Amino acid sequence: MDILHKTALGGAGLAMALLATFTTAPALAGMPHASHTAFYELSIGRVDAKSNIVDARGRMVAEWRLTCEGWTTNQRLIVSMAPGEGEPIASEVTMTSFESLDGKAYSFDSETKVGGETIELVRGKAKRPGPGQPGSARYSEPRGLVLELPGNTVFPFEHTIEVLKAAERGERRAFSYYFDGSQPDIAPMAANSLILGKSRQAREGAQNTFGKLSDAKWWSVRLAMFDGQAAGSGNEAPEFEMTQLLQENGVVRRFEFDYGDFTLVAALVKIEEIARPKCG
């Protein structure tokens, strides 16, 4: 996979999924998880001398809406990457998903385009008896594909809750198999999260001036994703790495996507709260 395709597939699908939180645990440290729309500006970060990407610009919007049945998401990422020679390449990722509050059901629909051409289209549903139990994912696109999900597989909201719980306990690492529907050839992916130090207060760092939604402590978390179907071979390298500033209410202040030769930074520029539903 070339670096442009890897940027579109890894950077968007995984990063936006990790914005979310799982609501079977209603709060951590007394703070409820935020139903919100977050707006990010993307820019180039570190650029190595050997990188064939020298600049990048874009934007990302992610809506996480709590309903009476679960969390729905609507996400879009647009980024233009400039190589050292030639014209910039435009990438776009859109994704919608639903994760039930009881952890039994997850549905997904995403499309990735590079240069206006669709390079990945996935749709499907995953079911299991409950969290921590084996299940399966059935795809309508690619049609007929079925993936078995081991018992330690987590969906996106559930994954973030596991990381936050580990951080609250003072642990430095959280590991699980992760499934969001994307990249079925390597799913479910092995997710290794490193919690980098203790929690920081709301006033520390950037992106802390967005009202009550940013008035929350946060951790720096380094995530590495590996090919789940090659796990245990002993010589696998991560498919994707990123660092995020993750608040206890699930809001991410900042992402840095690491592609080896360069990094892509997504900085929070605006956030809007979504009213929580009134459920019987």
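The following questions and answers walk through a predicted model of a protein.

Visitor: How many helices and strands does the secondary structure of the protein come to?
Guide: The model is a predicted one, and of its 280 residues 52% count as buried. Among contacts between residues at least 6 apart in sequence, 57% join residues at least 24 apart. The secondary structure itself comes to 2 helices and 17 strands.

Visitor: Which residues do ring pairs link into a cluster?
Guide: A search of the whole structure finds 13 aromatic pairs. Ring pairs link into one cluster the residues Y40, F240, F255, F257, Y259 and F262.

Visitor: Is the ring pair of W64 and F157 stacked or edge-to-face, and why?
Guide: W64 belongs to strand β4 (residues 53-66) and F157 to helix α2 (residues 156-168), so that the pair links distant parts of the chain, 93 residues apart. Both W64 and F157 are buried. Their ring centres are 5.2 Å apart, and because planes over 60 degrees apart count as edge-to-face, the angle of 75° between these two planes makes the pair edge-to-face.

Visitor: How many of the 13 residues of α2 are buried?
Guide: The end C-alpha atoms of α2 are 19 Å apart, which agrees with the 18 Å that its 13 residues should span at 1.5 Å a residue. Just after the helix, G170 takes a positive phi of about 80°. The buried residues of α2 include F157, I161, V163 and L164, and the helix is mostly covered, the number of buried residues being 10.

Visitor: Over the ring of which residue does the charged end of K270 sit?
Guide: Two charged side chains can be described in relation to aromatic rings. R128 lies over the face of F155, at 4.1 Å from the ring centre. The charged end of K270 sits 5.4 Å from the centre of the ring it covers, which is that of F39.

Visitor: How far apart in sequence are the parts that the pair of C68 and C279 ties together?
Guide: A disulfide joins C68 to C279, with an S to S distance of 2.0 Å, and the count for the structure comes to 1 disulfide. C68 lies in the loop between β4 and β5 (70-83), whereas C279 lies in the segment after β17 (262-273), so the parts that the pair ties together are separated in sequence by 211 residues.

Visitor: Is the disulfide of C68 and C279 left-handed or right-handed?
Guide: Both of its cysteines are partly exposed, C68 at 36% relative accessibility and C279 with a relative accessible area of 43%. The torsion about the S-S bond is about -95°, so the disulfide is left-handed.

Visitor: What is the omega of the peptide bond from A187 to P188?
Guide: Most peptide bonds are trans. The bond from E141 to P142 is cis, with omega near 0°, and P142 lies in the loop between β9 and β10. The bond from A187 to P188 is also cis, and its omega is near -5°.

Visitor: Is P188 buried or exposed?
Guide: P188 is found in the loop between β12 (173-178) and β13 (189-195). Not counting residues up to four places away in sequence, P188 touches E148, L149, P150, T153, Y177, Y178, F179 and G228; P150 is 38 residues away in sequence and 8.6 Å away in space, C-alpha to C-alpha. With a relative accessible area of 7%, P188 is buried.

Visitor: What is the phi of Q183?
Guide: Most residues other than glycine have a negative phi. Q183, whose place is in the loop between β12 and β13, counts as buried at 7% relative accessibility. Its phi is a positive value in a residue other than glycine, near 45°.

How values were computed
Residues are numbered from 1 along each chain as its sequence is written. This is a predicted model: local features need pLDDT of at least 70, side-chain atom pairs count only at pLDDT 80 or more; totals for chains, interfaces and linings use all residues. Side-chain values use heavy atoms; hydrogens and water are left out. Rings of Phe, Tyr and Trp (its six-membered ring) pair if their centres lie within 6.5 Å; planes under 30 degrees apart count as stacked, over 60 as edge-to-face and the rest as tilted. Helices (H or I, at least four residues) and strands (E, at least two) are DSSP runs, numbered from the N terminus. Buried means under 20% relative accessible area, exposed over 50%, partly exposed in between (1.4 Å probe, protein chains only). A charge sits over a ring if NZ of Lys or CZ of Arg is within 6 Å of the ring centre and within 35 degrees of the ring normal. A disulfide is a pair of cysteine sulfur atoms within 2.5 Å. The expected span of a helix is 1.5 Å times one less than its number of residues. Contact means heavy atoms within 4.5 Å.
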